[in-house]
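Here are a few notes to go with your first look at this model. Have it open while you read, and take the points in order.

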Amino acid sequence: MAIKKQYLKSKPVCKVTFSVPAEAAKNVAVVGSFNQWDTTKATKLKKLKNGTFKGTVNLARDNSYEFRYLIDGAYINDDEADSYAYNEFAGEENCVINL
């Protein structure tokens, strides 16, 4: 898995591109604090020919966001996250991205 950050000079925004290698998966999305953990508002990632799912989210700079991938209904963490934060509600750690 990979996370690419592209800071825009003209706006206080960072384009964050999420890449998830999941050839066997049918649906991959990213959900997190930036969309209130609402799976209906999750950013769906597009499957590329090489089997990787990829998508971009514009997030405000100078913030931290918790997130997880939703792969065919299962929540998965990214091993390249900036850090992790324990979530009492879920009883697990969430990925954290710092911008």
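1. Some ground rules. Two strands count as paired if DSSP finds at least two bridges between them, and the strands themselves are DSSP runs of E with at least two residues, numbered from the N terminus. This is a predicted model, where local features need pLDDT of at least 70, side-chain atom pairs count only at pLDDT 80 or more, and totals for chains, interfaces and linings use all residues. Residues are numbered from 1 along each chain as its sequence is written, and side-chain values use heavy atoms, leaving out hydrogens and water.

2. Start with β2 (residues 13–21) and β6 (residues 52–60), which pair in the antiparallel sense over 9 bridges. Within that pairing, Cys14 has Leu59 of β6 as its bridge partner.

3. Both belong to an open sheet of 4 strands, ordered β1-β2-β6-β5 with antiparallel pairing. β1 (2–7) and β5 (46–47) each have a single partner strand, so one side of each lacks a neighbour in the sheet.

4. Now look at Asn35, in the loop between β3 (28–32) and β4 (43–44). Is Asn35 buried or exposed? Asn35 is buried (under 20% relative accessible area, with a 1.4 Å probe and protein chains only), at a value of 6%.

5. What does Asn35 touch, leaving aside its neighbours within four places in sequence? Asn35 is in contact (heavy atoms within 4.5 Å) with Val30, Lys41, Ala42 and Thr43. A polar atom of the Asn35 side chain also lies 3.0 Å from the backbone nitrogen of Gly32.

Technical notes
Buried means under 20% relative accessible area, exposed over 50%, partly exposed in between (1.4 Å probe, protein chains only). A polar contact is a pair of N or O atoms within 3.5 Å; within protein, one must be able to donate a hydrogen and the other to accept it, and residues adjacent in sequence count only if both atoms are side-chain atoms.
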